[in-house]
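Colleague: I am new to reading protein models. Could you take me through one, feature by feature?

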Amino acid sequence: MKLNYKPPKIDFKHGTVILAGSGPGSKDLITLKVLSAIKQADVIIYDALVNKNLLKNSKKSSIFIFAGKTKNTKACTQNEINQWMVFHAKKNRKILRLKGGDPSFFSRGSQEIKFLKKNLINYKVFSGITASQQAVKSSNYTFYNESGICNFITGHKKIDKKSISFDLEKIYKNEGRIFVYMGVGQIKNISSKLQNLGMKKSTKVCIVSNTSFPYEKIINTTLRNVEEDIFSNKISPPAIIIIN
Ligand code: SAH
């Protein structure tokens with residue numbers, strides 16, 4: 001089949017918000033639909049993990065709003081993001097809410113959709129390649145996952161609180177491969193919890209930081225050594241930790 005790589009028609013109406021994922025970072029891993037949305041948007045509200053070079057594909061007149069956090073700036077609030085979307089939609093603009101990876105993986109997309117619905121703003125969701133899809137390719141694991149089960153979890157700091165919405169014990173018991181997002185700062189907690197539950201210290205762990213970029217780092221280690229190896233290899237977020 002001959003493929004035609006002309007950007008697809010996306011029907012981006014004025015007053016609409018498109019919530020989209022830009023992929024893990026490399027410009028080659030953005031979908032054609034999302035690229036079309038960048039080209040047409042009047043307003044682009046983008047997160048810290050979006051590759052800024054992708055934004056160069058926008059119109060000259062586009063308004064850019066950074067919705068992330070840098071070393072020198074505080075993150076904006078979720079409420080501010082919600083208000084920006086509604087404000088610009090009411091001005092009848094085409095708004096692109098651009099997130100890293102896929103908007104359904106550990107992003108606050110659902111909260112944003114809820115707010116848009118409440119304010120009667122039309123929206124669409126365009127998927128992207130989530131970071132763990134690229135990270136598993138970069139790791140030297142075979143793709144074959146013997147358990148046939150994949151767990152995607154967030155290592156967000158709430159993991160050691162009782163209120164956390166998932167139970168690591170259940171995940172350990174299902175014996176599936178575990179992909180940890182936002183886990184670098186919580187790796188001590190996660191690895192010791194898994195070891196206490198009985199996971200072998202020799203279990204394979206692969207950390208992939210900045211996946212898809214030329215400066216991607218891949219560390220193959222074990223559950224026993226993961227914390228130390230993250231430290232000694234100066235791994236900093238964003239990283240995906242693949243366990244087992
Ligand atoms: N929606 C995003 C995830 C947002 S949560 C997605 O689908 O990928 C942010 C976390 O994603 C980071 O802390 C990290 O765990 C992961 N991540 C995002 N981009 C990454 C990258 N280029 N390399 C490694 N991990 C990444």
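Modeller: Start with contact: it means heavy atoms within 4.5 Å. A second term is burial: buried means under 20% relative accessible area, exposed over 50%, and partly exposed in between, using a 1.4 Å probe and protein chains only. This is a predicted model, where local features need pLDDT of at least 70, side-chain atom pairs count only at pLDDT 80 or more, and totals for chains, interfaces and linings use all residues. Residues are numbered from 1 along each chain as its sequence is written, and side-chain values use heavy atoms, with hydrogens and water left out.

Colleague: Which residues is His88 in contact with, leaving aside its neighbours within four places in sequence?

Modeller: They are Val43, Ile63, Ile65, Arg93 and Ile95. His88 itself sits in helix H2, residues 78–90. Its relative accessibility is 8%, so His88 counts as buried.

Colleague: How are helices and strands picked out, and how many are there in the protein chain?

Modeller: Both are DSSP runs, numbered from the N terminus: helices are H or I with at least four residues, strands are E with at least two. The protein chain has 7 helices and 10 strands. The next idea is the radius of gyration, taken over C-alpha atoms; the globule rule to compare it with is 2.2 Å times the number of residues to the power 0.38. Here the radius is 19 Å, close to the 18 Å that the rule gives for 244 residues, so the protein chain is as compact as a globular protein of that length. Along the principal axes, the C-alpha atoms fill a box of roughly 55 × 45 × 35 Å.

Colleague: What share of the residues of the protein chain count as buried?

Modeller: Of the 244 residues, 48% do. Accessible areas come from the Shrake-Rupley method with a 1.4 Å probe; for residues, only the protein chains shown count as cover. The protein chain exposes about 13900 Å², and carbon and sulfur atoms supply 53% of that. Now look at the contacts between residues at least 6 apart in sequence: 69% of them join residues at least 24 apart.

Colleague: Strand E5 holds Asn122. Is Asn122 buried or exposed?

Modeller: Exposed, because its relative accessibility is 56%. Leaving aside neighbours within four places in sequence, Asn122 is in contact with Gly15, Thr16 and Val17. Sequence distance and space distance are separate things. Asn122 and Met85 are 37 residues apart in sequence, yet their C-alpha atoms are 11 Å apart. Lys188 lies in helix H6, residues 187–197. Lys188 is exposed, at 55% relative accessibility.

Colleague: And Ser138? Where is its place?

Modeller: In helix H4, residues 131–138. Its relative accessible area is 15%, so Ser138 is buried. Beyond neighbours within four places in sequence, Ser138 is in contact with Val208, Thr211, Glu216 and Ile218.

Colleague: How many disulfides does a search of the whole structure find?

Modeller: A disulfide is a pair of cysteine sulfur atoms within 2.5 Å. The search finds 0. Take Cys150: the nearest cysteine sulfur, that of Cys206, is 14 Å away. Cys150 is partly exposed, with a relative accessible area of 41%. Cys76 is buried, at 17%.

Colleague: What about the backbone? Which peptide bond is cis, with omega near 5°?

Modeller: The one from Pro237 to Pro238. Pro238 sits in the loop between helix H7 (226–232) and strand E10 (239–243). Then check phi. Asp11 has a positive phi of about 50° although it is not a glycine. Asp11 is in the segment before E1 and is partly exposed, at 48% relative accessibility. Asn244 also has a positive phi, near 85°, and is a residue other than glycine. Asn244 lies in the segment after E10. With a relative accessible area of 32%, Asn244 is partly exposed.
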